[in-house]
Amino acid sequence: MAKAAIFLSAGSAEEVTRLGLKIYLNGKYVDVRNAKISIFDHGVLYGDGVFEGIRAYKGCIFRLKQHLERLYASAKYIMLKIPLTLGQMTDVVVNTCRMNKIKDGYIRLVVTRGPGTLGLAPWLCTKPTIFVIADRIKLYPEEFYKNGLSIITVPTLRNLPETTSPRVKSLNYLNNILAKIEAHNSGVQEALMLNQRGYVVECSGENIFIVKGSTLYTPPVYLGALKGITRDCIIEIATHLGFRVIEEPFTRFDVFDADECFLTGTAAEGIPVVKVDNRIIGNGRPGKITKLLIKKYREITSTDGVMIYS
Ligand code: PXG
């Protein structure tokens, strides 16, 4: 069985250095070799920070406003004040893309609590660390889109809403990383994560949709799913095309019984799922509605966004 994982890769550390990437770090654009942060940074010591993964298509940054709004909402939840306005952050992201001559790429925006002491006390952290990486993207193998993914349900649960809100895109990704390892060790590409009551929540780095007839179902965010920007976009597209979209809890039974299934995320876009826990979904091929929505999504990504080059 294929051991391939869904991954985003900028290559090895050497390759990245060779590319001469310019990184935005705390107000300066620095060469990747000089993009260094303190080992006392609470982002490193405690995963105390937030991040976003954003895409650029044909010189435009897709849904930048929504990503930044989510970043600021995540930061607010963890009581981390980002020392840039949304407008300033927009300029930083655009400039980082420009400096690296990005037309089609992946942007990683990270804000941490900043350097502090050995001890949790976040109020001893002097100044948040902000960095932005804008790099070319290595797309997922086309065969995933053509033939669909096989995924499994993993024992690791999605972070529960009763703990730190799973709506926060925080630097604490351990649960999802464990889930990813569990899937990888079973020879599949993604992990389906449930909550404590057995409801389907999402995958380790993507939201999930199932299709029954001409109705789409996706778990409501209150179950513990991230409010994915891609998820929202797919809901808009599907609704516009006249499909019903229902956000309500469902179980693995509903997934096995679905006609179609697909995942959504900034990196993966829309990706069909054809097998879950060794059960074939629908007819075992990417579904018609899935393919239509992925196609429409791709059309939108290349025509809508904040321009990098004027
Ligand atoms: N759920 C989770 C848990 C995520 O981390 C999504 C859904 C999709 O959200 P967007 O807004 O992208 O549609 C994510 C986002 C990666 C990678 O390398 C993916 C994410 C985060 C970090 C890395 O594939 N996912």
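**Cavity and pocket**

Colleague: Which elements each supply at least two residues of the lining of the largest cavity?
Modeller: β3 (49–57) and α7 (229–240) each do; these are DSSP runs numbered from the N terminus, helices being H or I of at least four residues and strands E of at least two. The model is predicted, with local features needing pLDDT of at least 70 and side-chain atom pairs 80 or more, while totals for chains, interfaces and linings use all residues. Numbering runs from 1 along each chain as its sequence is written, and side-chain values use heavy atoms, without hydrogens or water.

Colleague: How many cavities of 30 Å³ or more are there?
Modeller: The structure has 1 (on a 1 Å grid over the protein atoms alone, points where a 1.4 Å probe fits but cannot get out; lining residues have an atom within 4 Å of a point).

Colleague: What lines the largest cavity?
Modeller: Arg55, Tyr57, Phe62, His67, Ile229, Thr230, Thr266 and Tyr297 do. They split into 4 nonpolar, 3 polar and 1 charged.

Colleague: Why does the largest cavity lie between the domains?
Modeller: Because domain 1 (2–135) and domain 2 (142–300) both contribute lining residues; the bounds come from an automatic or database assignment.

Colleague: Switching topic, what volume has the second largest pocket?
Modeller: About 350 Å³ (a pocket is an open set of points with protein on both sides within 12 Å along at least five of seven lines; volume is the space filled by probe spheres on the points, joined across faces, edges and corners).

Colleague: Which residues lie nearest its centre?
Modeller: Of 23 lining residues, Gly47, Ile78, Thr164, Ser170 and Asn172 do. Domain 1 (2–135) and domain 2 (142–300) both line the second largest pocket, so it lies between them.

Key
Nonpolar A, V, L, I, M, F, W, Y, C, P; charged D, E, K, R; others polar.
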